[in-house]
Amino acid sequence: MKVLARQRVLLTTIIMMAPLASAGAELAVRVTAGGEPVANAVVLLRQPGLAADAGSTAVMDQKNYRFEPFVLPVAAGAPVSFPNSDNVRHHVYSFSPTKRFELRLYSGTPSEPVVFDRTGIVTLGCNIHDWMLGFIYVTDAPRFGVTDAGGSVRFTDIRAAAASIVVWHPRMGTAKEANWNPSDGGALELPVELGPPVRHDPPEETHISSFSRRKR
Amino acid sequence: MIGSFQARLAVVFVALTAGALLVTFLAVSATTRGGVIDTAREELKVGQRVVEQLLTSRVRQLTDSANVLADDFGFREAVATGDAPTMRSALANHSRRIGANVALILDLDGRLLASTAARPASAAFPWPALLAQAEGAGEAATVAILGDGIYQLVIVPVHAPLRVAWVVLAFALDDDFTAAVKRLTGMEFTLASPVLGEFTANSTLPGGASEDLERQADALLASEGIVQEIEAANLTFLTMPFALNGRANGAPVYGLLQIPLGSALQPYRELQLQLLAIAGIALFATLAVAILLSNSVSQPVRELVNVAGRISLGDYSLRIPVKRKDELGKLADAFNRMQEGIAERERKILFQAQHDTLTGLPNRVLANDRLEQAIARVRRTGDSVAVLMLDMDRFKEINDTLGHPVGDDVLREVATRLREGVRATDTVARLGGDEFLVILDSADLDSAMEKAGEIAARLSQSMQVHNSRLQISISIGIVVCPAHGTDAETLLRRADIAMYGAKQSRATVAVYQDGYDERYLHRLNLIADLKAAAENDELFLEYQPKVDLDSGEVHHVEALVRWQHPRYGRMMPDAFIPLAEQSGNIALVTRCVIERGLDNLRDWLDQGADVALSVNLSAIDLIDAELPERIADALAARNVEPHRLVVEITESAIMRDAEFAIEMLGRLRERGIGLSIDDFGTGYSSLAQLKRLPVHNLKIDKSFVIGLKADSEDAVIVKSTIELGHNMGLSVIAEGVEAEETRNILAQYHCDLAQGYLFSQPLSAEDFMRWYREFEH
């Protein structure tokens, strides 16, 4: 709670300091559900004339029998590498229409990253470890981010103009859209409704997990 | 053989045992049957749990299988394609692997994506509740109807890796399943549903039972979870219907667990048979015990009955052997003692019954018996037997004057002398009172008369009794058998008659004469009739006037009693007065005479006649101490002056007990009643006695008067009697005056009064009054 309060003070300070410029504006979006921050929410920001960030290879790691990160937003056409940081093999697959692929049993990093050229949501699974679940959000939005544990994502160097915001979370059936105007200030709170939790943690009692942890 | 006691005891024993056994049998049967049924009920409930457990374990198994299918990467890949033919082929392929009969794929909204069913299923999933359950729990199962069969459905999700679809697998609950249930539970098991074409789907019951169950489907399903008795395939089953699925999952499916009642009751039947066997043995044993027990009682009782029967017949010789120490033994002992006691008392009683206690002589009963024996002997031998009937003269006077103790001693002395006077073979018996009987064996009339004389002489010897010397006289009647009779009754009666004859003739001994008997009977009849005569007005009075010879006037009249007997006609006093005296009826006659006579006298007096009435009193009347009083009362009642009544008493009556007679006469005289001595001249009275008699008149006996002639011997007697009377201050009456000459002689002798046919025969009261009036004028 103390930490949260300090952040809020900081956030407020940031918003107050934000200059009303046509470029180089900043927006902090905070996603909440029932007043609680929502982590791992994908937030897209569109502004006419806003250039996309320079693309870089995104990484969807498999670590401790989890996909890491849980949700990974990527720009359409961007390659995503699937390194395996565990000491067991994984069999990553996606039956999603956006991108069907299958990385048969492997360890280490596959030679070729997977390119997601169509926008949409790709649900990732592991054929060996049923609980493993991950999402890749393929978007054509110039700016996107994932909320941190505080439910916030920060956009910098955006235009001080009206922006359309889209928020999506695996627990949300459909994405939520919102609009932002610079007059609204540099902070935007987006309350959302979440569905039932999506389990993606390895079973607590699994000895595989403890074994791998010990190994590391 | 079996007496009623025995039979009753056996019946009671057997009935009691049978009753107890029946109650036990019924109670045990009811309890056992209830227990057996309850046990079957419990078994059925256990069976239900077994079925449910079986279904649950199948669900686990089938769900696991379904999960394996749903997790198969290839299958998931096929589902993920969204291509129906691919999905269908994958479904068919994979479901065959795990033996599912039907498989479906549903999308997350429950829409059918693919099916292996031959018939194309409708788009909507028919068990939304199952789906909802699966959404909550991740998986679900139920029993449901699919097409014409009953299936177990399991629904599991397909993950890719998020849930993308549902796989529904159906496994038929077929004969293998029902057979497995039967194997596990030992019960018949049937799957049924009311929505099926046939009510039952699978059953372990033999063919044909299905229709029976279908008929009773409504009743069965109405009481779900309740055991009921159901007829099927000609057997009765304890049936437990229970639902296999929830109502939410479409058409209901039921399982029917059944135990044949027969097999359920098998142990009960065995118990019943055992009970029946035990009951049979118990009844047989009871019967045997009852017969033995009753025999041990009834056998000695029969012996006692036998002895008692003999005792009742007078046989006291049989003793009951006393073998036992129990109550029956004591009873037998008591019987023996009773028997001895009865025998002893019977001997005593017999002796008392046959002997006279005073003299120890045989009594009338034994005498009769001996006489019968003697008669029998006479019949046998042609011999003769004599019977002597003895009666003491004037024994009553001894008793009255000297007292009964003296009388008893006299009787004892007489008994002794009689006993001493006969042979030992002869019988001496006391018949009662002063009457004795002697039976002389082998005696003819002559020897009997000789013996009688001897006995009379022996008894007439004076005897010393209580400081007084007494002399008695006896009268003896003799009869001889067979001359005078051949039966005891006749002989005794005739001996009695002969004895009376002897008494009357003062002859001491008399032999029965033919004809005595009839007179005797006549007397008996008269005595019997006499009582009735007084009451029936058969007695009446006639009056004979007494004429004053001096004045020729009539102032006296004598009442003479007559008896108008219904059979013998008119009887004179001589014919019945002695009988009345002997039979104790004279008082009746006397009273009748006095009352009638006074009634008539009253009439005459009322009619102006100046007469006095004479009535005759008997010697017996003089004994009655109350007579003077009664006569006075009779006079007073009719208002007749005492001097108008004259009492006539015969000289012999007075002389029988002169002292008492004098006293009685004195009392009559005190009351003013006239007294007259009747029949004077026949009673041997002495002048001394005559002098003491307080009488007024003297009546000369008619035997001296009838045919009286001057200068005859009677004339002397009459003349001197008249003079004697006059000299003693008495008036003299002569009766029996029938001739004028007699009257003249009497008048010449100064006789005061005369009566007789010369003046008038005895007349009725009315005739006398008529005669009186004519005579006066």
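This is a predicted model: local features need pLDDT of at least 70, side-chain atom pairs count only at pLDDT 80 or more; totals for chains, interfaces and linings use all residues.
Local features require pLDDT of at least 70 and side-chain atom pairs pLDDT 80 or more, whereas totals for chains, interfaces and linings use all residues. Residues are numbered from 1 along each chain as its sequence is written, and chains are lettered from A and ligands numbered from 1 in the order in which they are written.

**View 1. Overall composition of chain B.** Chain B contains 27 helices and 26 strands, taken as DSSP runs numbered from the N terminus (helices H or I, at least four residues; strands E, at least two). Of its 777 residues, 36% are buried (20 or more other C-beta atoms within 10 Å of the residue's own, C-beta atoms being placed from the backbone; exposed, 12 or fewer; partly exposed, in between).

**View 2. Helix 13 of chain B and its buried side.** The buried residues of helix 13 of chain B are G407(B), V410(B), L411(B), V414(B) and L418(B). Because they cover an arc of only 100 degrees around the axis (directions from the helix axis to the C-beta atoms), they lie on the same side of helix 13 of chain B. The face turned away from this buried side carries the exposed residues P405(B) and E420(B).

**View 3. Packing of helices 15 and 16 of chain B.** Helix 15 (residues 488-504) and helix 16 (residues 516-535) of chain B pack at about 85 degrees, with axes 10 Å apart (lines fitted to C-alpha atoms over the stretch in contact; angles from 0 to 180 degrees between N-to-C directions). Helix 15 of chain B is therefore roughly perpendicular to helix 16 of chain B (65 to 115 degrees; under 35, roughly parallel; over 145, roughly antiparallel; the rest, oblique). R494(B), I497(B), A498(B) and G501(B) of helix 15 of chain B and Y516(B), D517(B) and Y520(B) of helix 16 of chain B make the contact (C-beta atoms, placed from the backbone, within 7 Å).

Notes. Two residues are in contact if their C-beta atoms, placed from the backbone, lie within 7 Å.
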